[in-house]
Amino acid sequence: MRNPLADRVVGIKPSGIRKYFDIVNEMKDAISLGVGEPDFDTPWHIRDEGIYSLEKGKTFYTSNSGLKELKEEITYYLKRRMDLDYHPEKETIVTVGGSEAIDLGMRAMLNLGDEVLIPQPSYVSYEPCVILAGGKPVIIELKNENEFRLTPEELLASITPKTKILVLPFPNNPTGAIMEKEDLEKIAKVIIEKDLFVLSDEIYSELSYKHSHISIACIPGMKERTIVINGFSKSYAMTGWRLGYACGPEAIIEQMLKIHQFAIMCAPTTSQYAAVDALRNGDEDVKMMKEAYNQRRRYLMHMFQKMKLPCFEPYGAFYAFPCIQQFGMTSDEFATRLLREEKVAVVPGTAFGECGEGFIRISYASSLMNLKEAFERMENFINKRRKEQG
């Protein structure tokens, strides 16, 4: 029988995160610091709006691009929070999570063999989405000494005549790194000079602790060459509602919508009604969750210092990316032994790219009580390793 499988799909590696989740689910008394999901419930007023929409029988398809009132609220939100102006009908599309928006953007823009620059360590979906769209991923290895920010020198060195898109994944998963205005201005000069496009994943935009998030689309000359991707999973604790969006130039959004029409039809109707309420009435919820994450972030930095575990200060998302090279283990070995011996789950840095070797990702989207117990166990694990080393 002939091979029924597509070579480029078979060649994609499974997510390096999932195996730890599977083990934790079956391990009694394990604490997971691996999951990239808020530990907060979706705020009640948002859930109520979703329930109300069901009670009112609002269970039909919406417009392919999303509810009119939701797109209007999205563009209003981007204007008031980031000073970005988008047309709700022509430059906005509602998607099934931010992940679908990434996929749509790649498929709408890439021709066979086009190169996409992906700074790593970064979210696991970028590289597979490029491959599935027929493009070629080109990895830019970010450096700890630069706090895992993308520098113009690194960007320039990776560009070839085939380069078309730069993925800009900030605030960053897994490192917690951010890009400040001056950082964005420097790389914007290179992007404009080399005539590139940007897919800016800003799903953690509300979780920026040093200053308010700045989108590269705000930099002069960048809006017309940037797709801004965002969603409701992280900011509003709505991961299971599966709702995201993309805003960008009309010509690109139009082609993204075409793919979305045939593959998805529309994002979940109930989720869209709930999201309208999230944008209208959720600012205080976002503020409360952000304050809780920031408290946990400061606790982690204190514990890293106490344990003498090197870690640059992460100013975004809800992750820290400490270096574990001193223990003479690979990231995978460290994570596996920590889970087996102390029942604490973290994710090896290599799950987010080979340059993540020597690091682990710790999520502080967990209660302070859980974090304190987990770090007691981790400190015990580290002290044992140091005694073994003499």
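Q: A cavity is a set of points, on a 1 Å grid over the protein atoms alone, where a 1.4 Å probe fits but cannot get out, and its lining residues have an atom within 4 Å of a point; which residues line the second largest cavity?
A: This is a predicted model, in which local features need pLDDT of at least 70 and side-chain atom pairs count only at pLDDT 80 or more, while totals for chains, interfaces and linings use all residues. Residues are numbered from 1 along each chain as its sequence is written, and side-chain values use heavy atoms, with hydrogens and water left out. The lining of the largest cavity includes F170, M179, H213 and I214. For the second largest cavity, the lining residues are F170, P171, I178, M179, S208, H211, H213 and I214.

Q: Why is strand β7 largely enclosed by the rest of the structure?
A: Strands here are DSSP runs of E with at least two residues, numbered from the N terminus, and buried means under 20% relative accessible area with a 1.4 Å probe, counting protein chains only. T226, V228 and N230 point one way from β7, whereas I227, I229 and G231 point the other way, and on both sides they are buried. Strand β7, residues 226–231, is therefore largely enclosed because the number of its residues that are buried is 6 of the 6.

Q: Which residue of β8 is the bridge partner of N230?
A: Two strands pair if DSSP finds at least two bridges between them. Strand β6, residues 197–201, pairs with β7 in the parallel sense over 4 bridges, and there L199 stands opposite I227. Within β8, the bridge partner of N230 is Y245.

Q: Which residue just after α13 takes a positive phi?
A: Helices are DSSP runs of H or I with at least four residues, and α13, residues 368–389, has 22 residues and reaches 31 Å from its first C-alpha to its last. Its buried residues include L371, F375, M378 and I382, and also the charged R377, E379 and R385. Just after this helix, the residue with a positive phi of about 80° is G390.

Note on methods: The expected span of a helix is 1.5 Å times one less than its number of residues. Buried means under 20% relative accessible area, exposed over 50%, partly exposed in between (1.4 Å probe, protein chains only). On a 1 Å grid over the protein atoms alone, a cavity is a set of points where a 1.4 Å probe fits but cannot get out, and a pocket is an open set with protein on both sides within 12 Å along at least five of seven lines; lining residues have an atom within 4 Å of a point.
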